[in-house]
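I opened the model and kept notes as I went. The entries run from the whole chain down to one annotated residue.

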Amino acid sequence: MSATAPTNAPQDTVAAALAQLAGRSVALVGLMGAGKTTVGRRLAQVLALPFHDSDHEIEAASRMSVPELFAAYGEPEFRALEARVISRLAEEGQAVISTGGGAYMREETRERLRERAVSVWLKADLDLLMERVSRRTGRPLLKTHDPRAVMRDLMDKRYPIYGLADLTVQSRNVKREVIAQEIVEQLAAMGQGSRTDGA
Ligand SMILES: Nc1ncnc2c1ncn2[C@@H]1O[C@H](COP(=O)(O)OP(=O)(O)OP(=O)(O)O)[C@@H](O)[C@H]1O
Ligand SMILES: O=C(O)C1=C[C@@H](O)[C@@H](O)[C@H](O)C1
Ligand SMILES: [Mg+2]
């Protein structure tokens with residue numbers, strides 16, 4: 001069904017998704033290569049919302065690339081900067097926010113996103129992630145002799161936390177438009193059948 005879904009979200013589904021959001025943002029979380037940036041940009045077009053990517057915001061503000069920041073200041077400083085940037089983005093108004101892969105691991109960031117956004121985990125399997133990340137360098141955590149082992153380790157550590165996101169969408173080898181459409185559909189369906197308080 002999803003493989004043949006139209007690439008342009010029907011307007012009533014878009015309207016339903018926006019109604020469910022009720023002014024909140026959409027935050028995409030998940031591992032490197034899951035497609036947060038690519039799908040997030042497309043999702044923002046479909047929902048007619050601004051798009052922000054926390055890695056890009058950090059790079060613009062610091063005028064350094066993510067690898068340069070890691071090298072110059074270390075990962076803990078990068079994480080602190082990332083948390084501040086996401087906090088600011090979350091406050092800025094309704095948008096689609098693609099987060100850096102490690103951002104959602106921080107309790108403070110999860111809390112901020114819980115207040116202001118619906119979080120969506122783009123979940124992907126190891127082979128897909130490795131195929132995707134091999135296309136571009138610039139991911140300091142994977143600059144090792146065995147990036148696959150690092151990715152596997154990150155999956156073990158992070159998947160239970162990403163699983164706390166409000167929604168989960170399976171990332172796979174289909175067009176970005178299809179994944180964006182599935183997110184819109186899941187947003188539109190939010191609340192249906194999940195209330196237990198009779199409201
Ligand atoms: N649905 C898709 N179909 C084909 N290629 C895709 C799809 N989604 C993403 N890609 C490609 O996979 C690569 C990684 O995607 P992207 O940069 O969006 O991942 P990310 O989750 O933002 O990763 P990071 O956490 O490192 O920023 C890119 O080359 C992108 O073009
Ligand atoms: O998964 C991660 O920890 C990272 C993902 C990227 O988006 C960048 O934020 C950085 O490379 C670290
Ligand atoms: Mg990205």
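I took helices (H or I, at least four residues) and strands (E, at least two) as DSSP runs, numbered from the N terminus. By that count I found 9 helices and 5 strands in the chain. Reading from the N terminus, I noted the order α-β-α-β-α-α-α-β-α-β-α-α-β-α.

The model is predicted: local features need pLDDT of at least 70, side-chain atom pairs count only at pLDDT 80 or more, and totals for chains, interfaces and linings use all residues. Residues are numbered from 1 along each chain as its sequence is written, while chains are lettered from A and ligands numbered from 1 in the order in which they are written.

Next I looked up overall dimensions. The C-alpha atoms fill a box of roughly 50 × 35 × 30 Å along the principal axes.

Then burial. A residue is buried with 20 or more other C-beta atoms within 10 Å of its own, exposed with 12 or fewer, and partly exposed in between; C-beta atoms are placed from the backbone. I got 34% of the 199 residues as buried.

Last, T37. The UniProt annotation "binding site", from an unreviewed entry, covers T37. Such annotations may be inferred rather than shown by experiment; positions follow the numbering used here, and feature names are shortened. I placed T37 in helix 2, residues 36–47. T37 counts as partly exposed because it has 19 C-beta neighbours inside 10 Å.
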